[in-house]
Amino acid sequence: MALDPRWPLALFRGALPIALGLMLWVAIAGGEQERQETLKAQPEGNATILAERRRHNELIMMALREAAQTDENVAQRQVPWRK
């Protein structure tokens, strides 16, 4: 059984997309560590911003809790609404 002369070309054509994908993955993975370090250095670690977010999340959870406890459609209430 003789080796078909088209085999090397077929192997090259099959391996080329895999090699390109591997090179792209390596290029992206190298920048991932830098991106993680940049995210850690964000000024959002500020205590006042975290307190504002916490308060906002508490308000959202209160609204969700109230909506879960009532049969009324809270989405149809007039704005601004109070408890």
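This is a predicted model: local features need pLDDT of at least 70, side-chain atom pairs count only at pLDDT 80 or more; totals for chains, interfaces and linings use all residues.
## Exposure in the chain

A residue is called buried when its relative accessible area is under 20%, exposed when that area is over 50%, and partly exposed in between. By this scale E58 is partly exposed, because its relative accessible area is 42%.

Of the 83 residues in the protein chain, buried residues make up 1%. The chain exposes about 8100 Å², and carbon and sulfur atoms supply 62% of that area.

## The two helices

The secondary structure of the protein chain consists of two helices and zero strands. Helix 1 covers residues 7-40, and its 34 residues reach 50 Å from the first C-alpha to the last, which is close to the 50 Å expected at 1.5 Å a residue. Even so, helix 1 has a kink of about 30° at A15, a position that comes shortly before the proline P17. Helix 2 covers residues 47-69.

## A nonpolar patch on the surface

On the surface of the model, the residues L9, F12, L16, L20 and M23 form a nonpolar patch, and together they have about 510 Å² of accessible area. One of these residues, M23, lies in helix 1. M23 counts as exposed because its relative accessibility is 55%, and the cut-off for that word is over 50%.

## Salt bridges

The count of salt bridges comes to two. One of them joins the side chains of R6 and D4, with a distance of 3.0 Å from N to O. Its two partners fall into separate classes of exposure: R6 is exposed, with a relative accessible area of 61%, whereas D4, at 26% relative accessibility, counts as partly exposed.

In the other salt bridge, the side chains of R55 and E58 meet at 3.7 Å, again from N to O. Both residues lie in helix 2, where they are three residues apart, or about one turn of the helix. An α-helix has 3.6 residues a turn, so residues three or four places apart point the same way.

Note on methods
Residues are numbered from 1 along each chain as its sequence is written. Side-chain values use heavy atoms; hydrogens and water are left out. Patches are made of residues with over 30% relative accessible area and no salt bridge: like charges are joined within 9 Å, nonpolar side chains (Val, Leu, Ile, Met, Phe, Trp, Tyr) within 5 Å. Accessible areas come from the Shrake-Rupley method with a 1.4 Å probe; for residues, only the protein chains shown count as cover. A salt bridge is a side-chain nitrogen of Lys or Arg within 4 Å of a carboxyl oxygen of Asp or Glu. Helices (H or I, at least four residues) and strands (E, at least two) are DSSP runs, numbered from the N terminus. Buried means under 20% relative accessible area, exposed over 50%, partly exposed in between (1.4 Å probe, protein chains only). The expected span of a helix is 1.5 Å times one less than its number of residues. The bend at a residue is the angle between axes fitted to the seven residues ending there and the seven starting there.
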